[in-house]
Amino acid sequence: MTKRLFDEDVYLRTCKAHIIETTENAVVLDQTIFFPVGGGQSADFGYIDGIPVTDVKEKNGVIYHYMDSFPTTKEVTLIIDWDKRLDGMQQHCGEHILSGIIKEAYDGNNKGFHIGKDFITIDIDTKIDQEMLIHIEDLANDVIYQNIELKFDYVDDDTEFDFPVRKDVTVDENIRIVTIPNVDCVACCGTHPHRTGEVGIIKLYKVEKNKGLSRIFFKCGQRALLDLRRKTDIVKTLNQEFSSDDTSILERFYAEKEKNEQLKKSYIELNRKLIDQTIEEQLKKEKAYQLLIFDYLPSQDMNYVIKKVSEVMNTVLLVYSKSEFKVMLSHDGSFDVKCNEIFKEIKNYGGKGGGSQKVAQGIFESNESGMIFVDYIVGVLND
Ligand SMILES: [Zn+2]
């Protein structure tokens, strides 16, 4: 058995220990401050005599510290990555607070917990809406403000078990009951702060439906602070760009959006006039087909060109857009031209595309190759 110093003093960041065994890739010590992965909490990282510990696991009461190389002396110095430990403790204790509150206020049970790289989630077996989310957030942070002391009880006998646990538990070995008085009570082996105030803040972000459960996304403590810092920077930059402040930024954003839409509309109208002009200039009525080349023709206006030309004449139309590197060949079906057959050659010209007998389209990576393919089509149409 490895002596679990983190159970006695969760704030211990460094200690001495003795190596009692080394396996192929792990070290066993007489005592440790490294928490092994389990109970929804990841393992502590850190160093043993300056050598990184990459994982920590427990098997039958023995804790294995996984390392790429081993210390040379029997007595070693352990240091844990405190930021990671504190983060785990804050998210984990936040989960206890939320679970207790949701059980009490909405009779919802915590059916799953995950500490992700970014968000932390809990899955609740009752419907949680936006209004409830705000209510839960208020209640959870109130538990932090009250700075309630957590209680830890060790139980190894079923007969003496008298705890109002939120999740049923079988006492078949020495288990630990973690109680936040008037908030939550559950069996848990993880690392916890002594008081709820140490969680700092619990920020709920959103709730999503997930396999019949409500998945709540949240962040506690330092994670929430870093998130707030990042978002404050974003808002600050936006305020500088919009010459606004926090109270007027949304209004400014919507005004800019409206302005943008108006601009887009006038731009499309203007560009259509330019397209009309190009069509008029380039149409050669005596020819059996029409080749139109546009310096600027957005993809969505290709059909506009077909429609415009069809108002003037019925023809085989070959359109090329220099702005999109796009080529299109079309007619109304009354010509003996198989557009898809012609476009079968496109891959030999470095392009991609295809279509039907009446219309085919393709795209290139440069105007150079696009225009060579246009010349090829012209050759076919001239035959
Ligand atoms: Zn816990």
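Two residues are in contact if their C-beta atoms, placed from the backbone, lie within 7 Å. The legends below refer to a predicted model.

**View 1. Packing of helix α2 against helix α4 in the predicted model.** Helix α2 spans residues 82-106 and helix α4 spans residues 221-242. Their axes lie 7 Å apart and form an angle of about 100 degrees. Because angles of 65 to 115 degrees count as roughly perpendicular, α2 is described as roughly perpendicular to α4.

**View 2. Residues at the contact of α2 with α4.** From α2, the residues L86, D87, Q90 and Q91 take part, and they meet G221, Q222 and R223 of α4. By class, the residues of this contact comprise one nonpolar, four polar and two charged.

**View 3. The open four-stranded sheet.** The strand order is β9-β10-β15-β14, and the pairing is antiparallel. Strands β9 (110-115) and β14 (202-210) form the edges, each pairing on one side only. On average, neighbouring strands of this sheet are turned by 20 degrees against each other, direction ignored.

**View 4. Pairing of β9 with β10.** Strand β10 covers residues 120-124 and pairs with β9 in the antiparallel sense over five bridges. Within β10, I122 is the bridge partner of F113.

**View 5. Helix α4 on the sheet.** Helix α4 packs on the sheet and touches β14 and β15 (213-220). The direction of α4 makes about 80 degrees with that of β15.

Methods
Residues are numbered from 1 along each chain as its sequence is written. This is a predicted model: local features need pLDDT of at least 70, side-chain atom pairs count only at pLDDT 80 or more; totals for chains, interfaces and linings use all residues. Axes are lines fitted to C-alpha atoms, for helices over the stretch in contact, and angles run from 0 to 180 degrees between N-to-C directions. Helices (H or I, at least four residues) and strands (E, at least two) are DSSP runs, numbered from the N terminus. Angles under 35 degrees count as roughly parallel, over 145 as roughly antiparallel, 65 to 115 as roughly perpendicular and the rest as oblique. Ala, Val, Leu, Ile, Met, Phe, Trp, Tyr, Cys and Pro count as nonpolar, Asp, Glu, Lys and Arg as charged, and the others, Gly among them, as polar. Two strands pair if DSSP finds at least two bridges between them.
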